[in-house]
Amino acid sequence: MTFLEYYLQIIIFTAALPLGFGIAVYFCNRTFCSLVGTGRGRPILFGLHIILTPLREFAHLVACMISFHHVQDFCLLNPHDPEGELGFVEHDYDRKNPVAVLGNYLFAVMPAALGLFLSMLVIQVCFSGAFAELARATEVLVEEEAALGEYAKLAVGFFPSLFREGDSGIFAKIAGCLLLLVLSLGVYVSLDDLYSAFSGILLYAGVALAFAAVTALFDARARRLILTGFRTFATAVTALYIVVLIFAAAALVFGVLVYLLRMFFGEGVSELPVPIENENNDDDYGYGSYR
């Protein structure tokens, strides 16, 4: 294995793959909001974001705290804001502090990470400990030194395993499906946040390059162990995101039904609700919610 292959695998397993899935969910969220629109669909959007906004803003807040960003102001939830801004986090940082610069990347991905973690908990509690079974199956692949394709096959087969017979009853699984349906549309990485995090992404790529350069000095077995750890992480993320995307697709089907209902009542095509961005300086990033 060449150094470039080694480095690219680290980037793909730890960043490119999660970001790709997060961006896919972002477009699902935007499409859902476009389909549901306003008018009769407004209560649905409001109900969805009154749940998702506090979670995402809390994740943004945590990202700021652990990366030494100065939080100027924040609001986890304000359903009565006259401009429709349900939540926001206003923050700035020292451009000369590399941890703070890297924190921009963390700020972008933390809401998706929290949403994925909550989805994992729902799956573990409501679907007979399915995630623990996934972890055990992954350990078997590690012990057998399986090829990458076997990890991918395991991740793809995770969703059907949720509905196999187990200790969880039908009501627990129904509750789990409803929770995942709501959570799925919030497990995304905002393109606006990614744009603001460009310098942090470059710094992360540099840190990963330095890590790859140092660990490349180890023997081949040590490098395989490192890549196996990253591959295990990527398998869990892929399996969870496949579940999230399937439930996001189900939400889109519901959105199409709402859209047809709106058309039936002659509402016409409403303007896509857009995030309300805070007007700060270049070092301040706000996260708005939908009107």
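**Close-up views of a predicted model**

Tyr 26 counts as buried, at 11% relative accessibility (buried means under 20% relative accessible area, exposed over 50%, partly exposed in between, with a 1.4 Å probe and protein chains only). This is a predicted model, in which local features need pLDDT of at least 70 and side-chain atom pairs count only at pLDDT 80 or more, while totals for chains, interfaces and linings use all residues. Residues are numbered from 1 along each chain as its sequence is written, and side-chain values use heavy atoms, leaving out hydrogens and water.

**View 1. Tyr 26 and its ring partners.** Rings of Phe, Tyr and Trp (its six-membered ring) pair if their centres lie within 6.5 Å; planes under 30 degrees apart count as stacked, over 60 as edge-to-face and the rest as tilted. By this rule there are eight aromatic pairs. One of them joins Tyr 26 and Phe 27 edge-to-face, at 5.4 Å centre to centre with 75° between the planes. Phe 27 is partly exposed, with a relative accessible area of 46%. Tyr 26 also pairs with Tyr 188: the ring centres are 5.7 Å apart and the planes stand at 55°, so this pair is tilted. Here distant parts of the chain are linked, since Tyr 26 sits in helix α1 (residues 3–36) and Tyr 188 in the loop between α7 (170–184) and α8 (191–196), 162 residues apart. Helices (H or I, at least four residues) and strands (E, at least two) are DSSP runs, numbered from the N terminus. Both Tyr 26 and Tyr 188 are buried.

**View 2. A phenylalanine cluster.** Now look for Phe 127, Phe 159, Phe 163 and Phe 247, which form one aromatic cluster.

**View 3. Two backbone angles to check.** Most residues other than glycine have a negative phi. Phe 68 has a positive phi of about 65°, although it is not a glycine. You will find Phe 68 in the loop between α2 (42–66) and β1 (70–75), where Phe 68 counts as exposed at 59% relative accessibility. Glu 145, also not a glycine, has a positive phi near 55°. Glu 145 lies in the loop between α4 and α5 (148–156) and is exposed, at 68% relative accessibility.

**View 4. Glutamates around helix α4.** Glu 139 belongs to helix α4 and is partly exposed, with a relative accessible area of 48%.
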